[in-house]
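Dear colleague,

Please find below the structure that I am handing over to you, together with its sequence.

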Amino acid sequence: MLNFEIVTALLAKAARGKVLMQLSREETFITHRARPQTDIKLKLGMTKSGRMTACECTVTQRGGAYAGYGIITILYAGALLQGIYDIPAVKYDGYRVYANLPPCGAMRGHGSVDMRHAFECLVDRMARELKLDPFMVRRVNLLKPPTRTLNDLVVNSCGLDECLDKVERASGWRERIGKLPPGKGLGMACSHYVSGAAKTIHRTGEPHAVVNIKLDFDGGVTALTGAADIGQGSSTMVAIAVAETLGISLDRVRVVSADTAVTPKDNGAYSSRITFMVGNAAIDAAKHLKGILVKAAARKLEAKPEDVECGEEFRVGQARVPFADVVAAALVDEGAITLKGSFTCPDEFQGGKHRGGAVGSTMGFSYAAQVVEVSIDDATDMITVDKVWVALDCGHAINTLAVEGQIQGSVWMGMGQAMCEETRYLEGLPAHASFLEYRMPTIAESPPIEVHIVESHDPFGPFGAKEASEGALAGFPPALVNAIANAIGIDLNELPVTPDRVMDALIQRRRQARLASARKATS
Amino acid sequence: MTASLADFRIVHPTTVKDAIAARRQQPPSRFIAGGTDLIVNIRRGIIRPELLIDLSGIDELSEIRADGDGVTIGAGVTIATLASDPIIVSRYRAVAQAAEGIAGPGHRVMGTVGGNLCLDTRCIYYNQSEWWRSANSYCLKNRGDTCHVAPQGNRCHATFSGDLAPALLVFGAVIDIAGPQSQRRIPLSELYVEDGRAHLALAEDDLVVSVRVPANPPASLYEKVRARGAIDFPLAGVAVALAKSADTIGSLRIALTGTNSRPFLLTDTENFVGRFVDDKLLQEIDRLVQKQVQPMRTTLVSANYRRVAAAAVARRLVSKLSSS
């Protein structure tokens, strides 16, 4: 939670006027809640055939001077250690420590990104040591839905197997791995994310999402939602959900979003919840409306409601009534219709009873696999990402174009965090508080990102859909680091993998090789 | 904390003479051309001029002129114009590459040759907001008395980061400087001093009006090491000009930026004349660069990285030029 919205509201109340709060870029960097610095100690057990046997993990996250959302972040890191692979035994200790620095928070892929990085890198290193194919190691350990993890996370659908197949084929992995020229490499990794936290952040007993729907004499359907479209396309998703449920043309549906005077409250765009929860609430609202329209059409057609087919033309057998006439019939005596739909995650999906057990619980996990191809400059140790192949299981792509955009966006964001974005402090002062020093990738070094969509048809998602925006992020950093290992045989432990870190690792390797040969010579 | 741009007056002279006269009359003033660096520093409260003297209306500064003896580039020529000038692109490749690599497209349209040659030095402790610098008791370069990069020393280590200077230095460029009394010509290398606080050998009312490179240049290349493929200042930038004589080196100049408080020509490269370019020679060049550069902790990327990368790039460019 950021404080300046509240501060601004209180100031406006006190001033009895409008208050504008303006933040410079530097202030934005200081006050926003970035991902915490995360140190991870991870131990994995694996049989010679690649089956995971146990996992022990200690995570320390550097918070700031305030806890903020930090407890959730450290719990997420432990919870989402699970949910991809079948791990028979897990021990997790998380420490979130205060520091005399700005607070941290929930950055895309809340708490799970660094954890996933450590995990997928270690799996790769173990596979190498055991001379096993990294794809195979992932495949033999995949969870089989429907199932529950040790920490009581419910997995209802999983298309990760198909994701792995797709990126393996598309990248030409089998033909190319081990045969690339010097300085070039391929790496892969998997990741996942929740489709909305099954436990709401409020503990009021209210539903997880409410959508209102209105039908007036002109035949226009208006969906009212508190979900703010922050560029991810949530309003389009609501329109499609309503149009699809009623079988009507998309241009009949208008969405009013995030106007607190008229829209029902929404919990917000966190934990990738909007498609799953608001989408389901929109479908529910549209179904209620459909019930009324079907009854009106049945009256007009003198048929049973269960025989009526809904759409731009309502049909019973050969008989047809235009949508406008059905609307006119439905509005007789009633006038404009306003209804609402809602969605609630049942208790059984809300996680285990252990402390922090609710964190990471969801009704549907998205799954992603990706392959990254890199080149490393032999003079500067600069890393170039040549191409990324990514496949995401989003259950069902309600809006294919938006899903592709979201996947590219999350891969690209993962790339920034893997390669160049870093928050550092000099004597407690931010050294990164500008876009010159906080280095987001530019289009010049952004690679082609080939997206494949996998549809596992989740039993509870709207039309089978799951989230599509965060799941692919966490796979990029480990896929990159694994690709670097493949290219130059260096295992990097720190992110971002800036060229100076690559150079340091290479210098260290040369030093160790010299020491080893010196020892050999003297013995 | 939000700093707004401080008040200043601005005048628009149309001749070099008027520009210099304006500068003499009312310090604290500054010349401004593209403003891509200056305005940022004014906004951050690092420099507080009362008067800005806009050079963009002085036509004589914005010409590229080629004659039998070489090419004269006006200080007001924009980086974008320089990067796409046919003569520069075909004969002075290092200069075109350096220009093309500066910042982003928007900066190159606004920024000028003179501005890039006279670019202020940079440091992670200096290029910060007023709030930041004051919280850190300022620094030796600006209002403070300690260099946070090297607190024991007594000099400022802010780094010169212009890309054009090394590319011009390898051609033995000279610059014309207009002063209140007269115009003078000096080698470009003499414009720079190894002092981050005062790295330009210019009087307050001196104005760099043009830079000149001789005709019949040797083949050249420029490469900059930077975190991203665009926008960033060089962590190290290397220009090399190499003329071959039969299969050996006829002449070799190497210049660097981003590693010291000044751009500089590597000394002792004349010892390589007459030698074949082989692994041994490339190793010697690598060592020479590593010995002469002095990167300090002025950026978030380590000094050692910048040293090693500068040397490796120099080696690569020499190798490329010798085999082309």
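In this predicted model, the C-alpha centres of domain 1 of chain A and domain 2 of chain A lie 38 Å apart. Where the two domains touch, 20 residues come from domain 1 of chain A and 17 residues from domain 2 of chain A. On the side of domain 1 of chain A that touches domain 2 of chain A, strand 6 (184-194) and helix 11 (400-419) each supply at least two residues. By class, that side of domain 1 of chain A consists of nine nonpolar, eight polar and three charged residues.

As for the bounds, domain 1 of chain A is made up of two segments, 33-196 and 351-506, while domain 2 covers 209-343.

Turning to the chain as a whole, chain A contains 13 helices and 17 strands. Its C-alpha atoms fill a box of roughly 100 × 60 × 45 Å along the principal axes. The radius of gyration of chain A is 26 Å, which agrees with the value near 24 Å that a compact globule would have, because chain A has 523 residues.

Two further figures describe the packing. Of the 523 residues in chain A, 47% are buried. Among contacts in chain A with a separation of 6 or more, 77% are between residues 24 or more positions apart.

Yours sincerely

Methods:
Residues are numbered from 1 along each chain as its sequence is written. Chains are lettered from A and ligands numbered from 1 in the order in which they are written. This is a predicted model: local features need pLDDT of at least 70, side-chain atom pairs count only at pLDDT 80 or more; totals for chains, interfaces and linings use all residues. Helices (H or I, at least four residues) and strands (E, at least two) are DSSP runs, numbered from the N terminus. The radius of gyration is taken over C-alpha atoms; the globule rule is 2.2 Å times the number of residues to the power 0.38. A residue is buried if 20 or more other C-beta atoms lie within 10 Å of its own, exposed if 12 or fewer, and partly exposed in between; C-beta atoms are placed from the backbone. Two residues are in contact if their C-beta atoms, placed from the backbone, lie within 7 Å. Domain bounds come from an automatic or database domain assignment. Ala, Val, Leu, Ile, Met, Phe, Trp, Tyr, Cys and Pro count as nonpolar, Asp, Glu, Lys and Arg as charged, and the others, Gly among them, as polar.
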